[in-house]
There are 2 protein chains.
Amino acid sequence: MTNLRAKHKQDRNLRIVEAAAELFRRVGYEGARIEEIAGMAEVSVGTIYNYFQNKGEVLVAIVSMEVHEVLAAGLRIIAKPPKNVGKAIDALIATYIEHSLVYLSKEMWRQAMATSTQQPDSPFGKAYSALDRELANQTCSLIMKLQQQGSARGEIDARSVGELLFNNMNMMFIEFIKREDMTIKELLTAIHRQNRTLTLAIAK
Amino acid sequence: MTNLRAKHKQDRNLRIVEAAAELFRRVGYEGARIEEIAGMAEVSVGTIYNYFQNKGEVLVAIVSMEVHEVLAAGLRIIAKPPKNVGKAIDALIATYIEHSLVYLSKEMWRQAMATSTQQPDSPFGKAYSALDRELANQTCSLIMKLQQQGSARGEIDARSVGELLFNNMNMMFIEFIKREDMTIKELLTAIHRQNRTLTLAIAK
DNA sequence: TTCTAAACTTGAGTCAATTCAATTTCGGAG
DNA sequence: CTCCGAAATTGAATTGACTCAAGTTTAGAA
């Protein structure tokens, strides 16, 4: 039995993340005590701090799993996007946003974003930024794909446009998670309206 | 001597904010102990918590002063914007961003943004959102002004375009404060590039 | 098999934000 | 001028995240 050590490590890591995910969902991020997470994961408090720099990082680890699913869903849209530029962009954005609340509550998103802003250089702060960059890249890829399909003008800079669309969506998503009463539908409608001028300008 | 109570209140509030501002600047947000802020302000720890819900809110109060200055500077640009659409937008954005680091360090911005995301419903969380909205409105106003001046197409939706431009800038600003090595110049160049397709589309 | 050092875990202790019951101060009615 | 209750202040006590010195486990060399 080689690498018993590595196996234990993986086990403990998983147990910590799962315990935290359940507690966060049940009592919220602030309500979850590290000591209780440790108890549920059958690990000591110190061990949690051996795996994660602080409480926020445990949450960002959960976010990271969620975003990976979002990225996978995004890939499927890009593989076969609607011909119409506006519809294609709407489809990608709707996919991102509808997937975003499957595992995470608005409160969890708020905490995760706050942590990644507060500590951009911590391991998970970096991981979070990397995920954001991947999502932005995916948005740029969609624009390029639309250019290849002949539905978007070839002369526009796909990267700039993709970043602009992604940043706007991201900022609107932040507003969305800050407002407990805002619905996904309202969010999507608002973003669609904001994008309209630009999508008309890049459509062929 | 009527309203001695109100006067004391105002005095203490000011002393707390000024003490905090100095300490934050000198030792950073994390390094500033509430007890020391209290000492400098000649107030007890409890009193600080009577005026502010928590440490983060003290910082957001400082940010709020800074943003009010930014808004005033923005007004001056809108009063007499460059004729060229691209130049006008660049000018407004440059004004915002160059003013943003006068009193606040990147670290202070990170903390303030984190707090306002974490606690959107606290008094200062709301104040922060309101300021953001005012800035967005100002950006929309610039677009409308450009339409009136005849430099931007009349048929575009100024509000949508303004929000899109502002949200992109805001998101880029967040990236900027997360990266200690990124310069204002780099930031402005990146935003300019992202805006180009849209500004070309709305220019007459 | 036995031993050693490196890697990992542990939980009592530290530290700093936040709370709250007791105390003080203020406005104005009598 | 005196006194009462509301409003504000106070700082010792509480709370909970985080640390670190001591103890335990594992890989693999002898």
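**Aromatic pairs and burial**

Author: The model is predicted. We begin with F124(B), which counts as partly exposed at 21% relative accessibility, because this class starts where buried, under 20%, ends.

Reader: How many aromatic pairs are counted over all chains?

Author: Rings are paired when their centres lie within 6.5 Å. By this rule there are seven aromatic pairs over all chains. One of them joins F52(B) and F124(B), stacked at 5.8 Å centre to centre with 25° between the planes. F52(B) lies in the loop between α3 and α4 of chain B and F124(B) in helix α7, so the pair ties together parts 72 residues apart in sequence.

Reader: Is F52(B) buried or exposed?

Author: F52(B) is buried, its relative accessible area being 3%.

Reader: What is the geometry of the pair W109(B) and F173(B)?

Author: Planes over 60 degrees apart count as edge-to-face. W109(B) and F173(B) form such an edge-to-face pair, with 90° between the planes and 5.2 Å centre to centre. This pair links helix α6 of chain B, which holds W109(B), to helix α8, which holds F173(B), 64 residues apart. W109(B) is buried at a relative accessible area of 6%, and F173(B) is buried at 6% relative accessibility.

Reader: Which residues do ring pairs link into a cluster in chain A?

Author: The cluster consists of W109(A), F173(A) and F176(A). K106(A) lies over the face of F176(A), 4.0 Å from the ring centre. In chain B, the charged end of K106(B) sits over the ring of F176(B), at 4.0 Å from its centre.

Notes. Residues numbered from 1 in each chain as written. Chains lettered and ligands numbered in written order. Predicted model: local features only at pLDDT ≥ 70, side-chain atom pairs only at ≥ 80, totals over all residues. Heavy atoms only, no water. Phe/Tyr/Trp six-rings, centres within 6.5 Å; stacked < 30°, edge-to-face > 60°. Helix = DSSP H or I, 4+ residues; strand = E, 2+ residues; numbered from the N terminus. Buried < 20%, exposed > 50% of the residue type's maximum accessible area, 1.4 Å probe, protein only. Lys NZ or Arg CZ within 6 Å of the ring centre and 35° of its normal.
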